[in-house]
Amino acid sequence: MPEPKVASFPAIRGALKFYQIASIITGVMLLLLLAEMVLKYTPIHLELFAGGSGGPLWFAGVLAGPDCQWWSLFAPWTNSCEMTSLGDGVNLSLFILVAHGWFYVVYLFACFRVWSLMRWPFPRFILLALGGIVPLLSFFMEAIVAREVKTYLSTREAAEASAPATEGVR
């Protein structure tokens, strides 16, 4: 497996910082999305709204259609369920959904940048990408990747610094 060039170490550090920030934002957005989905698609049937008739921040009911069973929203090929929001104002639940989706694209770019600069094998990229869709995984991956990359960079820099000293002894 090819190793990163020493000249790319500053770019790797920048990519790692960008990945760490994107990973934390994506993880938080994913947890918010998970909470939103639990509120909306379980028998609770609520959505979060800002403004409108309920005040600055409030939960509005969601009316499930006649074909809706609580399990039908999670089972494959049973998505004929119509859900109608009863709130007015800005639908923050929908905003969380869209924001996570778009930020996941940014997160994928950050993953790709670290992966390509570190010259890791492709399955590693898949694992990094899963961090944005598996709840809590992005937090664990962020810690693991940061520790691994920083250790690798410091080890390689120490080896590069000591290499000229041993060549001069000959």
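**Where the helices pack**

Tutor: Start with helix α1, residues 9-41, and helix α2, residues 92-118. Their axes come within 8 Å and cross at roughly 150 degrees. (Axes are lines fitted to C-alpha atoms, for helices over the stretch in contact; angles run from 0 to 180 degrees between N-to-C directions.) Helices (H or I, at least four residues) and strands (E, at least two) are DSSP runs, numbered from the N terminus. This is a predicted model: local features need pLDDT of at least 70, side-chain atom pairs count only at pLDDT 80 or more, and totals for chains, interfaces and linings use all residues. Residues are numbered from 1 along each chain as its sequence is written, and side-chain values use heavy atoms, with hydrogens and water left out.

How do α1 and α2 run relative to each other? They are roughly antiparallel. (Under 35 degrees is roughly parallel, over 145 roughly antiparallel, 65 to 115 roughly perpendicular, the rest oblique.) The α1 and α2 crossing is left-handed. (Left-handed means the near helix is turned anticlockwise from the far one by less than a right angle; right-handed means clockwise.) Sorted by class, the contact of α1 with α2 holds 25 nonpolar, four polar and two charged residues. (Ala, Val, Leu, Ile, Met, Phe, Trp, Tyr, Cys and Pro are nonpolar; Asp, Glu, Lys and Arg are charged; the others, Gly among them, are polar.)

Now follow α2 to its other partner. Helix α3 spans residues 122-130. The axes of α2 and α3 are 9 Å apart, and the two helices pack at about 150 degrees. This pair, α2 and α3, is therefore roughly antiparallel. The crossing of α2 and α3 is right-handed. From α2, the contact uses Y104, Y107, L108, C111, F112 and W115. From α3, the contact uses F122, R124, F125, L128 and A129. (Contact means heavy atoms within 4.5 Å.) Sorted by class, the contact of α2 with α3 has 10 nonpolar residues, no polar residues and one charged residue.

R119 sits in the loop between α2 and α3. R119 is not a glycine, yet its phi is positive, at about 60 degrees. Its relative accessible area is 32%, so R119 counts as partly exposed. (Buried means under 20% relative accessible area, exposed over 50%, partly exposed in between, with a 1.4 Å probe and protein chains only.) Further along is L136, in the loop between α3 and α4, residues 137-169. L136 is not a glycine either, and its phi is positive at about 75 degrees. With a relative accessible area of 42%, L136 is partly exposed.

Stay with α3 for a moment. I126 belongs to this helix, α3. I126 is partly exposed, with 39% relative accessible area. Look from I126 to L94: they are 32 residues apart in sequence, and their C-alpha atoms are 27 Å apart in space.

F139 has its place in α4. Its relative accessible area is 27%, so F139 is partly exposed. F139 and T26 are 113 residues apart along the chain, while 9.2 Å separates their C-alpha atoms. Setting aside residues up to four places away in sequence, F139 touches I24, G27, V28 and L31.

Beyond its neighbours within four places in sequence, Q20 is in contact with E142, A146 and K150.

Last, step out to the strands. N91 is in strand β4, residues 90-91. N91 is buried, with a relative accessible area of 18%. Neighbours within four places in sequence aside, N91 is in contact with E47, L48 and F49. F59 lies in strand β2, residues 57-64. F59 counts as partly exposed, at 46% relative accessibility. Leaving out neighbours within four places in sequence, F59 is in contact with L39, L46, E47 and L48.
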